[in-house]
Amino acid sequence: MALARDLLYGPHRETYRPHREIWDEGNGVAYALQQLINGISLGMIYGLIAVGYTMVYGIIGMINFAHGDVFMVGAFIALISIIMLVAGGGMEGMAAILIVLLLSMAICALYGWTVERIAYRPLRGSFRLAPLISAIGMSIVLQNYVQIAQGARVKPLNPVLPGGIELHRAEGFVVQFSYMQMLIIAATLLVLGVFTWLVTATPLGRAMRACEQDRKMAALLGIDTDRTISLTFVIGAALAAVAGTMYLLRYGVIDFYIGFLAGVKAFTAAVLGGIGSLPGAVLGGLLIGLIETFWSAYFSVQYKDVAAFSILVLTLIFLPTGLLGRAEVEKV
Amino acid sequence: MSGSAAEPSPRIVRALREAGLAALVAIGLFAPIVGLRSDVAPNGSLYLRERWDDVAILVALAFGLRFLAVLLALHRPPRTASGRWEEPLRRAGQVLGPLLLAFVVLLPFIPSFGRYELDLGILVLTYVMLGWGLNIVVGLAGLLDLGYVAFYAVGAYSYALLATTFGFSFWICLPLAGFLSAFAGVLLGFPVLRLRGDYLAIVTLAFGEIIRVILINWASFTGGPNGITGIPRPSFFGLPFSAGGGPGSFADFFGLEPSPLHRVIFLYYLILALALLTNWVSMRIRRQPLGRAWEAMREDEIACRSLGINITTTKLTAFAMGAMFAGIAGSFFATRQGFISPESFTFIESAIILAIVVLGGMGSQVGIAIAAAVMIGGFEVFRDLQEWRMLVFGIAMVVIMVLRPRGLVSSRTPTVALAERRVIAGSLVGEGHG
């Protein structure tokens, strides 16, 4: 919860260090294990968002600034459908989560398509700053649109999937691998598996890779580049919706502003992994999630954003292509 | 989607079909987010409130807009290359510049203008100054900076801390704040020397956020989220402005009726002078070797390096110069507000300043001034609309970019030319590319 809270509000409203006293009591390994689990599940969420950034950057060479906000929209759609299903329809457990996930992905994909159609497609071939400004504008629009439509108040959601497996119990401290974290990791792996198949083994994936390498040439060879780019946005938005849903289910509180920080961090993850590289994005996401979690656990919650951003700066200085940037041949 | 001639169906039918599609999409978009509002019940649980009438309005709006857009787009002959506006606009700019300047100088003496108009003028001029400052980095040197507000913050905090801790006067702090900000600019510049384009943008954004997080968390130094209060207000070269008059005050010295307006008018002229200084310096530097090096670096870094231009110093001076003006503007902001907190230096500010520069057309100082006036003025005029105005602001950003991607003034005048200086299209220069 603490993590979610300062992911939401930024670190300045954080007034305590979670678990600090437990760590001091000498349960070092158990504490670290718990942080590892937390870090991986957070990193998976970042990874899912990062894939969207890296795909769009790979294919049209722009930072889709509104992507973080599409993630936020996904979280809101998930929230609304959960209230509808669980409170209204009396559904529970995995079936409900599956429907919520699909709904969120579908509507978010529509958002991704619309954003591309309205704000980016008319600017294709324009000078480089234009789509960037347009994307920043779109990000402002989405944030304020959700704020007006859904209110500025934080939405707290009761756990949909409570409980978990106790991995280790020491005096006063339990290492728990919650069902929700398992779900996040399983769902992320599943989604990424499907996505990898889509990119490597389908005509659409081939078209995407072709556009990434040389858009003009791809167009000359009969690939509908506009359609391919649209679908890239749609897929990216659907992945962001998965991330948004997982975020909501895991942390239980969302508001209209969660997209910005999550977006910047996911972009950091994409850069860290090597922009354009899909496994790199997931790897980068995991690293950022782990670094952030461990940094908050052992050093200071307040400066955990600084940690994430410093990693970004350091990566770009010493490893401009990212971890898997050049070595990875296959890109989208 | 595009209006191909192969389609035999009449325009209206086609427009109707497109509009119907748009309406369908709009239903998908708005039904969950607008139609079902999640609210927190008194007992803490969430429930949904249905608002289908709003969805209906939005869907109708989407239908109508798309219908009109398709209909008009089909009727309108394909527009030839731009240039329709450029020549008249440029000529107007030559007249408009001095006229605008005269208006701005005389603004405090316009009878019906009171406190509100002056405050608005100060705000707009602050953004004009920031826009001109950022234009050095983005427009001249071609370095995309998304964290410009960090230097604004450094300037504001420099002044606030120097003034409240050591009791330095505003006129000592102003150059110091500019110097410290320039130093911060160099500090940022060093690690990002090798970066270009979007990478540079994201690193500068990260830098801006780092500065903000430090301001928030280093509470013993910066006051944390509460900020710094009681920042000394400026004096007229030692003569304080006090509403009650009294011996030694500004009004007393000049034998004027004491009025709270004096300080506002002074602040207005102060920021006007600072903004004009920014303009003057950047216009002068453009023609000097340093400015030419900036523009050459913007167009082609490798060619530049081959010709013996030191890219390191060229980039660092651009960052430092841009940051210095942001710092000066920041210390003005601090003295004007009397209170600063990290809330004022969020990413959105950087985005607004960059938007002003891009919307104004980066080649034109007048364009940037107009863009600042339109955006900030418009933003303030719609203050009553609360959260809606930010939405409108975002929509405006997207719409203006889609309609005029090169900004209001999309022609550029080369700084140096062989025979005669001719206006060229904005697409021929590499602003914001590096």
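Modeller: Let's go through confidence, helix packing, the chain contact and the domains.

Biologist: What should I know about the model before we start?

Modeller: This is a predicted model, where local features need pLDDT of at least 70, side-chain atom pairs count only at pLDDT 80 or more, and totals for chains, interfaces and linings use all residues. Residues are numbered from 1 along each chain as its sequence is written, while chains are lettered from A and ligands numbered from 1 in the order in which they are written.

Biologist: How do you know where confidence is lowest and highest in chain A?

Modeller: By pLDDT, the predictor's confidence in each residue, from 0 to 100. Chain A averages 81, and 87% of the residues score at least 70. The lowest mean, 42, belongs to helix α1 (residues 2-9) of chain A, and the highest, 91, to helix α10 (residues 225-251) of chain A. Helices here are DSSP runs (H or I, at least four residues), strands likewise (E, at least two), numbered from the N terminus.

Biologist: Where does pLDDT stay under 50 in chain A?

Modeller: Over residues 1-24 of chain A, with 40 contacts beyond four places in sequence, and over residues 327-332 of chain A, with 17 such contacts. Two residues are in contact if their C-beta atoms, placed from the backbone, lie within 7 Å.

Biologist: Why is α7(A) called roughly perpendicular to α8(A)?

Modeller: Helix α7 (residues 179-201) of chain A packs at about 70 degrees to helix α8 (residues 203-213) of chain A, with axes 5 Å apart. Axes are lines fitted to C-alpha atoms, for helices over the stretch in contact, and angles run from 0 to 180 degrees between N-to-C directions. Under 35 degrees counts as roughly parallel, over 145 as roughly antiparallel, 65 to 115 as roughly perpendicular and the rest as oblique. So α7(A) is roughly perpendicular to α8(A).

Biologist: Which residues meet there?

Modeller: A:L198, A:V199, A:T200 and A:A201 in α7(A) meet A:L204, A:G205, A:M208 and A:R209 in α8(A). By class, that's five nonpolar, two polar and one charged. Ala, Val, Leu, Ile, Met, Phe, Trp, Tyr, Cys and Pro count as nonpolar, Asp, Glu, Lys and Arg as charged, and the others, Gly among them, as polar.

Biologist: What makes α11(A) oblique to α12(A)?

Modeller: The angle between helix α11 (residues 258-273) of chain A and helix α12 (residues 278-298) of chain A is about 120 degrees, with axes 7 Å apart. That angle makes α11(A) oblique to α12(A).

Biologist: And what about α14(B) and α15(B)?

Modeller: In chain B, the axes of helix α14 (residues 347-360) and helix α15 (residues 365-381) come within 7 Å and cross at roughly 125 degrees. They are therefore oblique to each other too. Their contact has nine nonpolar, two polar and no charged residues.

Biologist: How many residues does each chain bring to the contact between chains?

Modeller: Chain B gives 52 residues and chain A gives 55. The largest share of the side of chain B that touches chain A, 13 residues, comes from α7(B). By class, that side divides into 38 nonpolar, seven polar and seven charged.

Biologist: How is chain B divided into domains?

Modeller: Into domain 1 (11-75) and domain 2 (94-428), with bounds from an automatic or database domain assignment. Taken over C-alpha atoms, the centres of domain 1 and domain 2 of chain B are 39 Å apart.
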